[in-house]
Amino acid sequence: MQRIGVFVCWCGSNIAGTVDVKKVAQTLGREPGVVFSADYQYMCSQSGQDLIKDSIKQYKLTGAVICSCSPRMHENTFRKAAAAAGLNPYMVEIANIREQVSWIHKDMAAGTEKAIILGRAAIAKVHLNAPLIAGESPVTKRALVIGGGIAGIQTALDIADAGFPVDIVEKSPTIGGKMAQLDKTFPTLDCAACILTPKMVEAAQHENVRILAYSEVAEVKGFVGNFTVKIRRKARYVKEDVCTGCGLCTEKCPQKKAPDEFNLGLSNRRAIYIPFAQAVPKVATIDPDYCMMLKTGKCGVCSKVCGVKAIDYTQKDEFIEENYGAIVAATGFEPIGLDKFDEFAYSLSPDVVTSLEYERLMNAAGPTGGTLLRPSDLKHPHTIVFVQCVGSRCDEKSEKGVPYCSKVCCMYTAKHAMLTREKYPDTEVYVFYIDVRTPGKNFDEFYRRAVEQYDVHYIKGMVGKVVPENGKLKVQASDLLENRQLHIDADMVVLAAAIEPDKSARPLATMLTASMDTNDFFTEAHPKLRPVESPTAGVFLAGMCQGPKDIPETVSQASACAAKVIGLLNKDRLVGNPCVAHSDELMCNGCSQCANVCPYGAITYADKEFRMPDRTTAVRRVAQVNPAVCQGCGACTVTCPSGAMDLFGFSNNQIMAEVDAICK
Amino acid sequence: MQDRMIARAKELLENGTVDRVMGWKKGEFIYDVTPAVFYTADELEKDFVMNAFTAANVSKYLIAETKKPGRILAFLKPCDSYSFRQLMNEHRVDRDNVYIVGIPSWGKADMEKIRALGITGITDITEKDGDLLVTTVMRETHAVKKYDVYLEKCKNCKSKRIVVYDELLDGENGEDVPNNRFDEVAKIEAMPPDERFAFWRGELSRCIRCNACRNVCPACSCEKCVFDNPKSGVENKAPADDFEENLFHIIRAYHVAGRCTDCGECSRVCPQHIPLHLLNRKFIKDMNELYGDYQAGETEQVRHPVTNYRDDDAEPGIVYTRGGSGR
């Protein structure tokens with residue numbers, strides 16, 4: 001029989017306000033096996049922990065039940081306290097009477113009753129607990145960063161500077177991401193390329209950084225400290241180590257009709273291309289959708305002009321496998337598609353552009369060479385209407401757009417308006433907004449400058465309709481402050497399209513077993529206290545893939561993320577989780593269902609000889625669990641039809657005992 | 001067909017391909033047929049039988065038989081072959097230790113249904129042109145349409161195709177059969193919840209826990225069943241109320257979900273005539289609708305929908321609205 005101590009926490013008034021903690025302590029004190037029970041204001045405080053430690057020693061406790069907050073908060077605290085007093089930490093169970101009781105119930109009597117029931121379940125479990133000892137596993141001192149935008153580059157550089165090798169996997173032919181496409185950056189208006197490209201070069205030159213551009217993660221196995229990742233290196237049809245990036249092929253290629261992704265399709269490129277002048281790695285890539293040689297076998301111009309014989313039309317996708325200790329997701333964002341926003345005539349007129357397209361139209365390396373010309377007739381626009389919140393802050397029930405604020409649109413729209421007025425003072429600029437949101441260092445000052453110094457017409461209200469007519473865009477809008485309808489004949493309309501996580505992030509999250517919210521943003525382990533870690537150990541988050549943020553925020557998060565990765569890689573060994581699966585070989589059928597559901601590949605099979613009841617021996621196929629790989633998710637235990645698979649610390653019997661205690 | 005099977009079995013015994021034969025053995029009555037292993041040509045001549053009542057699925061016996069030394073000949077009907085393939089997928093049988101002769105099956109008869117026609121004192125039943133000629137002690141002969149007395153599993157046959165074999169007795173394989181096997185499930189789904197609950201309570205109330213359904217089921221082949229395992233906490237447990245016994249069937253249906261080949265043996269052997277196959281078919285129907293058509297045992301795929309994960313899987317939140325009005 002266990003000797004169990006019950007410790008009921010008030011959590012100030014958090015629990016005690018809705019739960020009669022004294023009654024809980026008294027009632028649970030009468031449960032079989034409970035030799036001590038007490039309540040205390042803050043069990044997690046030093047004196048609360050001392051109470052636990054002293055009681056363990058004084059009453060020779062073999063198990064402890066803490067009725068307190070969620071185990072995600074303080075399970076570790078209490079386990080450590082128990083260990084300090086000589087009790088195996090896995091003999092401690094938490095009954096969550098805060099999140100599961102006091103915070104969600106108002107009625108004291110009902111709350112108290114439920115708290116007692118949860119306490120009883122925890123006591124029932126402790127009766128079946130056994131001491132567990134955690135194993136250790138080594139750490140592979142190498143990090144993988146998925147995504148080569150500013151978030152990925154910064155994370156990789158910081159990790160590399162600490163002395164650990166880092167691989168950046170980037171799906172497009174060059175690193176740089178969205179920031180490389182931007183013209184200027186708010187609120188200081190430095191040129192995006194001028195501050196980004198040195199970082200790209202630094203990454204390329206860093207001895208600890210390896211850039212795997214034009215590559216994708218194909219498969220992730222393993223666990224914190226010991227991931228094995230299969231990376232698909234897509235065929236460029238150009239030998240990356242031979243190409244010098246001279247660009248001759250990109251000038252001679254006869255196929256000129258491929259849309260230029262870097263300019264968002266506003267201009268065309270050749271079938272063999274280098275995305276932009278400062279691309280890293282500066283290597284040509286053949287677009288198989290447009291290359292005549294690859295499609296019809298006739299052409300081969302690039303191969304003829306290439307001085308170093310770098311072209312290889314027979315190249316195939318290759319897979320490389322690498323081990324990593326930590327993985328950083330920095331998959332970034334995309335502006336949402338505007339096909340559901342026909343009221344703004346985006347698909348009807350080339351002069352209705354997204355803000356990112358406007359960046360390219362302003363940029364010196366863009367399709368117009370930095371002169372602002374509208375796409376339809378390449379004339380200077382004289383009236384430009386900016387529409388904010390296109391797709392952002394939509395009703396949850398709405399079939400289009402996203403419910404959240406995209407956060408960066410207010411600032412970049414102010415930047416666009418200001419730069420347009422600065423360069424072309426004869427242009428009338430209107431900005432339609434729902435709210436202007438400018439929290440951030442020097443942000444509001446920046447916005448006010450646009451309004452006050454540059455005379456941008458900020459109008460609170462939304463654009464209802466844009467109709468292309470006789471070379472003009474008839475904009476119908478409402479001015480909510482003046483309470484009137486506006487009709488503006490604009491030359492261009494710029495839509496601040498909402499941002500959403502990159503589409504490739506969802507399957508990646510599945511591979512990483514990292515969770516995502518309903519908008520496909522990666523969720524963090526704790527929204528306030530662990531913002532750069534995913535709930536999956538060893539997987540970290542940087543940049544827009546976790547939520548909308550601007551460049552300074554992205555860089556800070558990337559560095560924070562790097563700090564976490566460095567902290568992990570700095571360890572030589574990780575203490576594992578002893579709550580792992582194990583199979584009862586006498587009951588195992590060898591049917592492989594557990595191996596089929598195991599997301600970590602922890603289960604293997606062995607043919608073993610068994611002595612049968614009739615004194616013969618038989619060879620049977622039985623499951624074996626690698627405890628270093630098992631993460632204790634329990635999928636195998638519920639799949640096993642015979643119950644041969646069981647989980648230490650969460651055995652079928654323990655869970656049944658808890659259920660029985662609750663249903664009693 | 002019986003003669004051809006015996007002849008082929010004798011050949012294979014003689015030339016050393018196999019050293020024993022899995023088949024069906026004559027009993028006291030014509031309909032009283034049991035699966036058995038034959039070791040010699042004499043035994044085969046004397047007792048081997050293949051008739052309208054050899055419905056028993058022999059694949060489960062091969063789990064133990066293929067672990068023994070030597071090689072066994074197994075005659076597998078189409079439905080038996082699905083079960084065998086599923087057992088192969090689960091590594092329960094050793095394919096190398098069995099020589100499979102696929103035999104066609106044109107449906108097996110249910111003795112209870114023949115009796116239900118009012119025919120008493122049956123002494124012999126012979127097959128003729130797809131009909132059954134039933135002879136009675138009164139020296140009467142009744143012609144019975146075979147279809148009228150088919151077992152449920154044969155009435156709703158899903159396939160005449162043999163999915164795993166070394167040779168085919170007829171030299172050619174059958175094909176999948178159009179069937180309405182989910183109609184009965186749909187009918188129950190359409191019931192209001194109270195009525196459906198009452199239906200199952202009524203059916204399951206007849207259960208005497210003889211375990212016949214479990215013992216015959218090829219998917220229920222665990223080394224140790226949870227219901228026989230003292231450590232599981234449910235072995236020989238005195239039921240606290242009459243619903244606990246019902247849970248046996250619900251748990252069994254969950255354990256075979258994704259693995260049940262719909263061979264229909266559970267319902268065939270139930271002495272209380274509980275339509276147990278409907279529980280399993282409900283799972284199959286749900287899986288087909290949620291994850292795309294899947295037939296356990298049909299292919300070598302080892303991950304059935306319940307243990308497989310695909311990006312486009314239905315989210316767990318998508319469940320049927322109570323009352324069977326669809327998704």
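**Entry 1: helix α16 of chain A**

I began with helix α16 of chain A, residues 551-569, which has 19 residues and reaches 26 Å from its first C-alpha to its last, close to the 27 Å expected at 1.5 Å a residue. The expected span is 1.5 Å times one less than the number of residues, and helices (H or I, at least four residues) and strands (E, at least two) are DSSP runs numbered from the N terminus. I note that this is a predicted model, in which local features need pLDDT of at least 70 and side-chain atom pairs count only at pLDDT 80 or more, while totals for chains, interfaces and linings use all residues. Residues are numbered from 1 along each chain as its sequence is written, and chains are lettered from A and ligands numbered from 1 in the order in which they are written.

I then looked up which residues of α16(A) are buried, and found among them A:Ile551, A:Val555, A:Ala558, A:Ala562, A:Val565 and A:Leu569. A residue is buried if 20 or more other C-beta atoms lie within 10 Å of its own, exposed if 12 or fewer, and partly exposed in between, with C-beta atoms placed from the backbone. What covers the buried residues of α16(A) includes β6 (143-146), α7 (150-161) and β29 (539-541) of chain A.

**Entry 2: where the chains meet**

I found 19 residues of chain A in contact with 17 residues of chain B, where contact means that two C-beta atoms, placed from the backbone, lie within 7 Å. On the side of chain A that touches chain B, α15 (505-512), α17 (593-597), β33 (617-625) and α19 (652-663) each supply at least two residues, and α17(A) gives the most, with three residues.

**Entry 3: chain B**

I counted twelve helices and eight strands in chain B, whose C-alpha trace spans about 60 × 50 × 40 Å along its principal axes. A compact globule of 327 residues would have a radius of gyration near 20 Å, and chain B, with 21 Å, agrees; the radius is taken over C-alpha atoms, and the globule rule is 2.2 Å times the number of residues to the power 0.38. Buried residues make up 33% of the 327 residues in chain B.

Chain B is divided into domain 1 (1-106 + 160-177), domain 2 (111-149) and domain 3 (180-327), with bounds from an automatic or database domain assignment. The centres of domain 1 and domain 2 of chain B, taken over C-alpha atoms, are separated by 26 Å, and their contact takes five residues from domain 1 and six residues from domain 2.
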